[in-house]
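Please brief me on the packing in this protein. Keep it short and grouped by topic.

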Amino acid sequence: AAQDKMKDDFEKDNPKWKFAEGKWERRKGVLAQTAETQPWAVAILEDRKFADVEVSVRVKPLSGKEDQTGGLIFRAKDAKNYYLVRSNGLEDNYRLYTMTDGKRKQIASTKVEPPKVGEWHTLKVVAQGKKIQAYIGDKLLIDHEDVTFTEGYVGLWSKADSVTEFDDLEAGGAPK
């Protein structure tokens with residue numbers, strides 16, 4: 001149902017964002033994470049909780065020597081407990097993690113062409129029950145089953161010295 005769709009194009013302030021770590025700023029209609037943050041920068045949209053969800057965001061890596069990464073958080077309980085899928089301009093992989101009490105564990109990984117600096121790409125996740133599918137653009141790259149988290153918020157993520165822009169976050173499904 002259309003009313004279950006949630007969208008943020010970052011054109012205006014949205015007080016439901018919780019910026020747990022990192023320096024996040026709205027600029028020219030995008031949300032940018034601009035400061036070196038150890039170990040990672042986390043932003044959670046504390047609006048609607050989803051169990052089954054389709055969520056996507058556009059990501060543009062701008063710079064970073066240690067990392068050039070952008071990630072999509074889903075089924076987040078809070079800033080330390082969530083699923084994460086992320087791409088990285090310095091690595092040829094696309095990975096799915098669980099974050100439990102702030103500890104990151106890789107649960108699936110696949111080889112990809114690294115995204116290019118200064119170019120947008122779209123990360124998308126479709127999570128239904130224990131089935132988690134992660135895409136870059138329209139290409140299904142990760143198809144995995146996991147039951148660590150069953151519902152929660154969506155959000156954004158980056159790591160270390162990445163400067164990354166995000167735009168057009170969309171989430172839909174049956175909100176809890």
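Rings of Phe, Tyr and Trp (its six-membered ring) pair if their centres lie within 6.5 Å; planes under 30 degrees apart count as stacked, over 60 as edge-to-face and the rest as tilted. Ring pairs join Phe10, Trp17, Phe19, Trp24 and Phe166 into a cluster. This is a predicted model: local features need pLDDT of at least 70, side-chain atom pairs count only at pLDDT 80 or more, and totals for chains, interfaces and linings use all residues. Residues are numbered from 1 along each chain as its sequence is written, and side-chain values use heavy atoms, with hydrogens and water left out.

**Aromatic pairs**

- The ring rule gives seven aromatic pairs.
- Phe10 and Trp17 count as tilted because their planes stand at 40 degrees, with ring centres 5.8 Å apart.
- Phe10 and Trp17 are both buried (buried means under 20% relative accessible area, exposed over 50%, partly exposed in between, with a 1.4 Å probe and protein chains only).
- Tyr83 and Phe149 form an edge-to-face pair, 5.2 Å centre to centre with 90 degrees between the planes.
- That pair links distant parts of the chain, 66 residues apart: Tyr83 is in strand S7 (residues 81–88), and Phe149 is in the loop between strand S12 (139–145) and strand S13 (152–160).
- Helices (H or I, at least four residues) and strands (E, at least two) are DSSP runs, numbered from the N terminus.
- Tyr83 and Phe149 are both buried.

**Charges over rings**

- A charge sits over a ring if NZ of Lys or CZ of Arg is within 6 Å of the ring centre and within 35 degrees of the ring normal.
- The charged end of Arg58 sits over the ring of Trp120, 4.5 Å from its centre.
- Arg104 places its charged end over the ring of Tyr97, 4.2 Å from the centre.

**Gln33**

- Gln33 lies in strand S4 (residues 30–33).
- Why does Gln33 count as buried? Its relative accessibility is 0%.
- Beyond neighbours within four places in sequence, Gln33 is in contact (heavy atoms within 4.5 Å) with Gly22, Lys23, Trp24, Ala41, Ser158, Ser162, Val163 and Thr164.
- Its side chain makes polar contacts (pairs of N or O atoms within 3.5 Å; within protein, one must be able to donate a hydrogen and the other to accept it, and residues adjacent in sequence count only if both atoms are side-chain atoms).
- The Gln33 side chain reaches the backbone nitrogen of Lys23 at 2.8 Å and the backbone oxygen of Ala35 at 3.2 Å.

**Ser56**

- Ser56 is in strand S5 (residues 37–63).
- Ser56 is buried, with a relative accessible area of 17%.
- Leaving out neighbours within four places in sequence, Ser56 has contacts that include Leu72, Thr122, Asp168 and Glu170.

- Strand S11 (residues 131–136) pairs with S12 in the antiparallel sense over six bridges; two strands pair if DSSP finds at least two bridges between them.
- Ile132 stands opposite His144 in S12.
- The hairpin has two residues between the strands, and Gly137 takes a positive phi near 60 degrees.

**Nonpolar cores**

- A nonpolar core is a set of buried Ala, Val, Leu, Ile, Met, Phe, Trp, Tyr and Cys residues joined through side-chain atoms within 4.5 Å.
- The largest core has 36 residues, and Val154, Leu156 and Leu169 have the most contacts inside it.
- S5 gives the most to this core, with eight residues.
- Apart from this core lies another, of eleven residues, among them Ile44, Ile73, Tyr97 and Met99.
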